[in-house]
Amino acid sequence: MSRTALRICPLCEATCGLTLTIEEGRVTRARGDGADVFSHGFICPKGASFGQLDADPDRLREPLVRRGGRLEPAGWDEAFAAVEAGLRPLIERYGPQAAAIFLGNPNVHTMAGGLYPPLLLGALGTRNVFTASTLDQMPKHVSSGLLYGDANAIPVPDLDRTDHLLIIGANPLDSGGSLCTAPDFPGRLRALRRRGGRLTVVDPRRTRTAEAADRHLAIRPGTDALLLFAVVRVLFAEDLVAPERDGELVAGAAGVTGADEVRRLAADFTPEAVAAACDVPAEEIRTLARELAAAPRAAVYGRIGSTTVEFGTLTSWLVDVVNALTGNLDRPGGAMFPLSATGRAPRPPRPGKGFALGRWRSRVSGHPEAKGELPAAALAEEIETPGEEQVRALIVIAGNPVLSAPDGDRLDRALAGLDFMVSVDPYLNETARHAHVVLPPPPPSQSPHFDFAFNTLAVRNQVRYSRPAVPLDADRLSESEILARLVLCAGGHGGADPAAVDAMAIDAALGKAVADPGSPVYGRDRGELAAHLTGVGGDERRLDMMLRLGPYGDGFGADPDGLTLAKVLAHPHGIDLGPLRPQLPGLLRTRSGTVELCPEPMAAEVERLRRALGGRSDGLVLVGRRHLRSNNSWMHNIPALVGGSNRCTLQMHPEDAARLGVADGGLVRVKGDGGELEAPVEVTDAVRTGVVSLPHGWGHDRPGTRTSVAAAHAGVNVNQLIDGSRLDPLSGTAVLNGYPVQLTVVTPRATTHSPG
């Protein structure tokens with residue numbers, strides 16, 4: 001007997017709806033859900049491989065505990081006893097800063113990953129927080145924090161209504177969209193073209209997205225901030241800034257302060273001044289600025305190629321500055337702020353607390369925190385360096401920093417020297433192999449799914465929830481229970497009922513709500529409110545609470561037509577909540593109550609950018625790349641997703657290849673600040689001259705892992721080329737793109753034994 005079940009795909013940020021075919025408890029087919037209110041049947045190769053990933057024989061089914069130096073199978077109670085016995089004595093002896101946590105990218109792709117890590121941090125009491133954000137999008141969080149007072153207030157392009165979309169350093173036709181949740185990005189771009197709109201792509205590679213563009217500017221990597229500042233300069237110089245209201249610039253319904261300061265800072269960045277550094281003709285820059293200003297509705301969107309560079313935060317800031325100056329910030333068809341069903345309810349405008357950087361610093365190198373996090377590039381030194389508050393214990397949840405962070409060899413050695421390490425991961429990967437305890441969550445089909453993070457970045461407001469498509473196996477624990485028990489162990493209460501963790505979280509959240517005069521439950525009894533919550537398990541009860549208190553919620557009876565968990569469950573294909581709507585000034589948390597267009601840290605950073613105007617180098621620089629069938633390091637163990645065009649090769653322009661004397665398939669040695677590696681060459685004019693490209697997330701050749709398919713397609717770890725010394729100073733984000741490398745030829749032509 002076969003049956004079908006609906007599921008939101010957790011394999012990239014597009015969050016497409018799937019229809020799963022299930023036979024004898026196993027997913028045998030996945031196809032797009034044509035009735036899904038958001039994705040309308042779209043599916044990509046990752047979603048189609050859902051069943052293979054779900055049933056991967058290399059996935060761990062039971063915990064592993066290190067005994068006599070070897071990781072061996074153990075029962076759940078034994079595993080959690082080992083966690084508490086290994087973790088608590090270190091914290092009690094050396095203090096909470098002796099512990100650290102690393103959260104990987106897949107945390108935002110699971111329901112439990114969105115609910116429990118904050119509680120775990122509270123139980124640990126540590127400031128040593130490292131995540132994939134400082135290898136990815138932290139510059140956007142910092143720029144949003146400084147502009148809007150809220151690091152999570154990230155505007156996204158209103159794709160379905162814009163007339164001109166400028167994409168910088170992003171390849172959504174392969175990534176599925178990132179910090180911009182948009183199922184069927186290709187279809188949305190085709191619709192843009194059909195309605196007469198324009199697509200401009202700024203990227204050193206002719207990506208699939210660039211191929212679909214009206215104009216492709218093959219910029220020199222790392223110079224996006226210069227290009228955008230020149231656009232700003234043209235907007236001011238040619239009087240193309242959006243009309244002011246009552247003498248002041250506005251965004252949506254919000255006042256904007258600092259425009260005059262931005263005008264002053266932009267003075268030196270004329271198109272002629274930046275053209276050589278960017279390798280983009282001055283007239284092209286002027287044309288771009290004029291087209292953005294002339295479009296009825298335009299949006300600028302920058303992503304990882306513009307964030308993981310030397311001036312990542314400055315570039316992220318300038319993206320929003322251009323949107324604001326052209327009158328397209330918080331405006332339909334421009335860059336808008338989604339309103340998630342579990343987000344903050346709108347409130348009357350008022351000044352907030354603002355956003356602060358550098359509230360504490362890392363112990364060894366003194367890196368300032370950003371959004372409560374320290375640079376992932378600093379994790380190894382925090383473990384290796386003796387002294388007070390040395391990191392001795394580490395909890396890694398759904399992360400593989402040995403491959404994703406700079407200088408994986410150094411981090412590999414550092415992890416081996418930890419007193420204690422816990423890894424929550426379905427695989428024994430390059431990082432988890434160092435753990436003393438490995439706690440594997442169940443496969444996606446046996447897990448519920450709600451997109452807490454991605455709904456805050458969605459190009460259309462909607463709400464969808466998937467219960468497990470397959471019942472949880474008797475010998476497994478849900479990811480929610482695993483993380484709840486981990487919270488208890490971290491606090492020294494490992495024997496307590498894990499349901500107590502959710503009960504405490506609910507009580508705390510309701511206590512805050514009933515004390516808030518702006519809340520629909522102000523003054524009510526939180527115990528009485530908790531009694532109204534429905535759901536199977538504490539995680540569903542927490543979701544019900546968040547929906548009820550959210551901007552579309554029933555307010556525990558205040559709005560009978562509002563959202564509850566029961567209402568969402570009654571709409572298995574989701575509920576469409578409508579197009580994006582202006583949110584300013586209500587979402588602002590700045591001290592001034594305005595959009596602060598020129599915050600002081602940005603103004604100071606411009607001085608550093610000014611020095612880069614004459615700093616062009618003619619050497620080779622390296623950039624990463626994304627493939628439609630990859631998502632960082634965590635899908636290379638699926639046969640359908642590796643091989644073919646998804647290969648770990650060094651792409652190089654024919655002119656550079658000829659100059660070096662290497663042909664397609666030849667082997668070269670690549671050397672960077674942190675190390676060197678050998679990779680096969682792929683000669684292609686898809687990458688511009690002076691640039692080579694190697695994908696991120698490979699290097700599956702370390703002993704002690706259990707990922708057989710990935711090991712057979714090992715590739716090389718591009719992040720071994722960097723040592724972590726190159727950081728964007730405001731956000732602490734590692735420079736993973738646009739850094740210099742040197743190449744030497746090992747084998748000029750392909751051999752029968754080429755690696756990768």
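Modeller: A nonpolar core is a set of buried Ala, Val, Leu, Ile, Met, Phe, Trp, Tyr and Cys residues joined through side-chain atoms within 4.5 Å. Buried means under 20% relative accessible area, with a 1.4 Å probe and protein chains only. This is a predicted model, where local features need pLDDT of at least 70, side-chain atom pairs count only at pLDDT 80 or more, and totals for chains, interfaces and linings use all residues. Residues are numbered from 1 along each chain as its sequence is written, and side-chain values use heavy atoms, leaving out hydrogens and water.

The largest nonpolar core has 68 residues. F229, V232, W317 and L597 touch the most other members. Helix α10 (residues 224-237) gives the largest share, eleven residues. Helices here are DSSP runs (H or I, at least four residues), numbered from the N terminus.

Take F229. Not counting residues up to four places away in sequence, F229 touches V262, L265, A266, F269, W317, L318, V606 and L609. Contact means heavy atoms within 4.5 Å.

Now look at helix α15 (residues 312-325). Its axis lies 9 Å from that of α10, at an angle of about 25°. Axes are lines fitted to C-alpha atoms over the stretch in contact, and angles run from 0 to 180 degrees between N-to-C directions. The two helices are therefore roughly parallel (angles under 35 degrees).

In the contact, α10 residues including F229 and V232 meet α15 residues including W317 and L318. By class, the contact has 14 nonpolar residues, one polar and one charged. Nonpolar covers Ala, Val, Leu, Ile, Met, Phe, Trp, Tyr, Cys and Pro; charged covers Asp, Glu, Lys and Arg; the others, Gly among them, are polar.

How values were computed:
Buried means under 20% relative accessible area, exposed over 50%, partly exposed in between (1.4 Å probe, protein chains only). Angles under 35 degrees count as roughly parallel, over 145 as roughly antiparallel, 65 to 115 as roughly perpendicular and the rest as oblique.
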